[in-house]
Amino acid sequence: MSSAVVVDAPGQHRLVAHEPAAPGPGEARVRVHAVGICGSDREVYQGNRPEGYVRYPLTPGHEWSGVVDAVGDGVPASLAGRKVVGEGFRNCQVCDRCHAGETTLCTAGYEETGFTQPGAMATTLVLPARLLHVLPDDADLSAAALLEPAACIAAAALKAEARPGDRVAVVGTGTLGMFAVQFLAAGSPAELLVVGSRDERAALSRQFGATDFKLRGDELPDDFDVVIETAGSASAARTAASLLRRGGRLVLTGIPAAGADGLDPTDLVVRQLEVRTVFGAAPDAWAHAVRVFGAGLLDPAPLVTHEVPLERFAEAIELVGAGDPKVGKVLLRP
């Protein structure tokens, strides 16, 4: 039976019958292969996602992969049958930010698949076809379900502007951190340091291209050209800044709890540090992630540790938040 998860309110969810909807003009319908769970999905379920960035009741799911099984008027028929992933931000396309390619900053207001619009924790998902990115025919769809977080880190890698021979570092060893290691490794750095809070990811970091791994409590260097922070805490941001040489570049991707003590502005000015930030992924970052994945330079598969049926949604949510170092990316299979 076709089914979907519906979160009615924080802590309340149902598994409901799902009737695939016909795509309208400009839309495509995707049969979902897999959908990932991340911290923001836990926020939706627990009720601590910031106001304005969720709308109940909703079907969650913004990290997904699938196959197009129907298209609406105005969409090329050749799209049917193709493996795809898709952008989540439902941008207006007409404001100045959208025209500049900064669709995650759309001035028409925030709308995103899985948060304010129906998500992929269902048998099928209908969305504007313009948001789809076509994958190679031989793409591993379970691995491709991680291309949404990969696209967010692709945005960070583009903003980092690391050059071959730079000394680069990553703070954080979760899914985002491991993607950051792969993107930076592809740029031929002279050194690639990973800093984490636990050493369970040391071997995987090196597998992905890191040249060194240190714990946050270790004595750390302070002469890196570029650092990408992915851990999502104020202390991680401070650690990342401390790794930089004077005039270095910091890219922040994590979102700490509101009101956290952050970076010291005096330190930023005196050392002339450049700070850039990422919230979501614009089309250029998505295209970059899909290209790198298609070229075999991005390998999400080792990050997936669990694949469970859609019916085990609540169990999967708890699994993601249990803090077990053996739990990596959890996928639901509708």
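Accessible areas here come from the Shrake-Rupley method with a 1.4 Å probe, and for residues only the protein chains shown count as cover. On that basis the protein chain exposes about 14300 Å², with carbon and sulfur atoms supplying 50% of it. This is a predicted model, so local features need pLDDT of at least 70 and side-chain atom pairs count only at pLDDT 80 or more, while totals for chains, interfaces and linings use all residues. Numbering runs from 1 along each chain as its sequence is written, and side-chain values use heavy atoms, leaving out hydrogens and water.

On overall build, the protein chain has ten helices and 15 strands, taken as DSSP runs numbered from the N terminus (helices H or I, at least four residues; strands E, at least two). Buried residues make up 51% of the 334 residues, where buried means under 20% relative accessible area, exposed over 50% and partly exposed in between (1.4 Å probe, protein chains only). Of the contacts (heavy atoms within 4.5 Å) between residues at least 6 apart in sequence, 69% join residues at least 24 apart.

Now to helix H10. Spanning residues 313–320, H10 has Phe313, Ala316 and Ile317 buried. Down the helix axis these fall within an arc of 100 degrees, so they line one face of H10; the arc is that of the directions from the helix axis to the C-beta atoms. The partners of the buried H10 residues include strand E1 (3–9), strand E14 (304–309) and helix H1 (39–46).

Helix H1 also holds Ser40, which counts as buried because its relative accessibility is 14%. Leaving aside residues up to four places away in sequence, Ser40 touches Arg49, His62 and Phe115.
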